[in-house]
Amino acid sequence: MTLGNSMLIPILPRMEKELGVSAFQASLTITIFSVTAAISILILGYMSDRFTRKSIIIPALILYGIGGLLAGIAAAWFNSPYLWIMVGRALQGIGAAGTAPIAMALTGDLFKGGEQSKVLGIVEASNGFGKVLSPIIGSLLALLVWHGPFWGFPVFVLISVLLTAFFVKEKKKKKEAPALGKYVKGLFSVFRHEGRWLFTAYLAGATCLFTLFGILFYLSDTLETRYNIEGVLKGAILAIPLLFMMVTSFTTGSKIGKDMMRMKKIIILGFLLMTISFSALVFFTRLFPFISVLVISSIGTGLVLPCINSFITGSVGAARRGFVTSLYGSVRFLGVAVGPPIFEWLMNWSRTGMFLTTAGLTLLIGLLCLFLIHVNKEQESDPHGHTLFKKFQLTTE
């Protein structure tokens, strides 16, 4: 899933020149992928609860590959390829909706307690690892031809389909899925009881992805226009903050277990680091100091996401987990979608204003997490490793 956007970030300036489009139009290739994913994910999340996770993941991967193939063919041979590239990206977005968010629900099905948090940390780290590799792979493929990244998608899809088909062993459903009316009623019950903190967690995840992709868009443009850095070196520089985020995500997921109070503290610390980093970036224009300070925000993102993942995945039982995690994936996609175009507008407005606005946003979300995410100390200290919401799950399934 992460290859879908991160692999194209390094080639956006080149795409502008080759297609004769504006920076805003080029950024829409990121936006349309994420918007179609955000919409489709709600349907696919329900379907994964109704049927099985693998029955959604595999066809979604295939559609993802077809979309990349269409975009590549259009870029290579069509006279006016932009519209067809956008169609291909939309197909990829629909396909992406059935990948990582459903995999997160599958993780919740297969693992419990502290092991679940650890594996969710690995899932988030692999998400970050995809982001680390993506700019480098995208830059390497673009050395062959500027639209090379589009042709890379079907190859990665084929590998993913084979691995999923043969190595993921899904548990059989113990009972029939509920009818749509009962399913929706159960979801309303979930959000009526837990909506305040759940939507805060959704917003936190979306903000992390919004700031991450917005800053990457800014950095990609700056490397090319100010420093004349292109190709693999540009991809490698873009990968630096992502590498720190990946390592932090993996470490955080491995250590948090099911200690809910610790998770809340780590979430607040993560947003505090992001706020400090974005505020300080105003004063740094030279590349090395800028990247060094930017890394602090990536560490903050790596602290927040595994904890949010664990909160959300553990908040509801398997019967409705697909939808709840998919809705979370949907708002994350929306965060990615609006990042590049909003940051493009902010860049044209004011560099200082861009960083201070971003810092203000992360501070606000951190405060919302502080006041709206409540941990029940009695349940949080449960020695059996039950989730914070175990009692609630029994009443809504």
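Which residues in α2 meet which residues in α3? In this predicted model, local features need pLDDT of at least 70, side-chain atom pairs count only at pLDDT 80 or more, and totals for chains, interfaces and linings use all residues. Residues are numbered from 1 along each chain as its sequence is written, and side-chain values use heavy atoms, leaving out hydrogens and water.

**Helix pair**

L12, M15 and E16 of α2 meet A23, A26, T29 and I30 of α3, where contact means heavy atoms within 4.5 Å. By class, this contact has five nonpolar, one polar and one charged residues (Ala, Val, Leu, Ile, Met, Phe, Trp, Tyr, Cys and Pro count as nonpolar, Asp, Glu, Lys and Arg as charged, and the others, Gly among them, as polar). Helices here are DSSP runs (H or I, at least four residues), numbered from the N terminus. The axes of α2 (residues 12–19) and α3 (residues 23–50) come within 9 Å and cross at roughly 120°; axes are lines fitted to C-alpha atoms over the stretch in contact, with angles from 0 to 180 degrees between N-to-C directions.

**Largest pocket**

A pocket is an open set of points on a 1 Å grid over the protein atoms alone, where a 1.4 Å probe fits, with protein on both sides within 12 Å along at least five of seven lines; lining residues have an atom within 4 Å of a point. Its volume is the space filled by probe spheres set on the points.

| Property of the largest pocket | Value |
|---|---|
| Volume | about 1,300 Å³ |
| Lining | 45 residues |
| Lining from α7 | eleven residues, the most |
| Lining by class | 30 nonpolar, twelve polar and three charged residues |

M1, T99, A100, S126 and S160 lie nearest the centre of the largest pocket.

Definitions and conventions: Helices (H or I, at least four residues) and strands (E, at least two) are DSSP runs, numbered from the N terminus.
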